[in-house]
Amino acid sequence: MTTLLLVRHGETPWNREGRVQGWAATGLTDRGHEQAQALGAWLADEYDVDRVVASDLRRTRETTDHLRAAGDGLPDPTVDRAWRERGFGVYQGFLAEELFEREPDHASGDSVSALAAAPEGAEGIDEFCARVESAWAGLRERVDDGETALLVTHGGVVKVVLSLVTGRSRAAALTAHSPPNCSVTEIRLDDGDASVSPVRNGF
């Protein structure tokens, strides 16, 4: 049995304000630091983690630092830009409601992850999903049977991974709300079969 833990980073100022983050170098708020510290303590009690992988963006690196500080013996992370959030180009920093006004075909209740438009400097949905799918396949190949691996990443990435594991359509996954900050989703793999459980809904 292999266990993969998907963690979304702690709260950032742009999360709080409802801004499109993409690849922005936003750090954690005071609450985000507290969330990550609490998550680290919880993980240390609940799991023996063999491998840590993280996005290279600031908010995930700060979250990972807190997890490692709380978890005695947690291994050094492999930091990989393949696990970044979707790049939104010139839309980065927009309030979500402003973006919806610019994209009238995008319903205001939808997640920004599902935005079909690819403005200047952005990744299209297909490009973003292909990047995450490739990273996920590589991670599954590297993780040994019986290991527990921790992936610290972003809401959009978590949604793409869950669509791959559960067979849920990409459209349905991307339009769903992002998981809360510092939430944990457990994926157990056993002879090719996968079971998914949201084990912590944030802190």
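These legends accompany close-up views of a pocket and a cavity in a predicted model.

**View 1. The second largest pocket and the residues around its centre.** The second largest pocket holds about 230 Å³ of space. Its lining is made up of 18 residues, and those closest to the centre of the pocket are Val158, Leu162, His177, Pro179 and Thr185.

**View 2. Helix and strands in the lining of the second largest pocket.** Two or more residues of the lining of this pocket come from each of helix 6 (155–166), strand 5 (184–190) and strand 6 (193–200). Helix 6 makes the largest contribution to the lining of the second largest pocket, supplying five residues. Sorted by residue class, the lining of the second largest pocket comprises nine nonpolar, six polar and three charged residues.

**View 3. The largest cavity and its lining residues.** The model has one cavity of 30 Å³ or more, and the space in the largest cavity comes to about 40 Å³. The residues that line the largest cavity are Leu4, Leu5, Leu6, Val53, Trp136, Leu139, Ala149, Leu150 and Leu151.

**View 4. Elements and residue classes around the largest cavity.** At least two residues of the lining of the largest cavity are supplied by each of strand 1 (2–8), helix 5 (125–142) and strand 4 (148–153). By residue class, the lining of the largest cavity consists of nine nonpolar residues, with no polar and no charged ones.

Conventions. Residues are numbered from 1 along each chain as its sequence is written. This is a predicted model: local features need pLDDT of at least 70, side-chain atom pairs count only at pLDDT 80 or more; totals for chains, interfaces and linings use all residues. Side-chain values use heavy atoms; hydrogens and water are left out. On a 1 Å grid over the protein atoms alone, a cavity is a set of points where a 1.4 Å probe fits but cannot get out, and a pocket is an open set with protein on both sides within 12 Å along at least five of seven lines; lining residues have an atom within 4 Å of a point. Grid points are joined across faces, edges and corners, and a volume is the space filled by probe spheres set on the points. Helices (H or I, at least four residues) and strands (E, at least two) are DSSP runs, numbered from the N terminus. Ala, Val, Leu, Ile, Met, Phe, Trp, Tyr, Cys and Pro count as nonpolar, Asp, Glu, Lys and Arg as charged, and the others, Gly among them, as polar.
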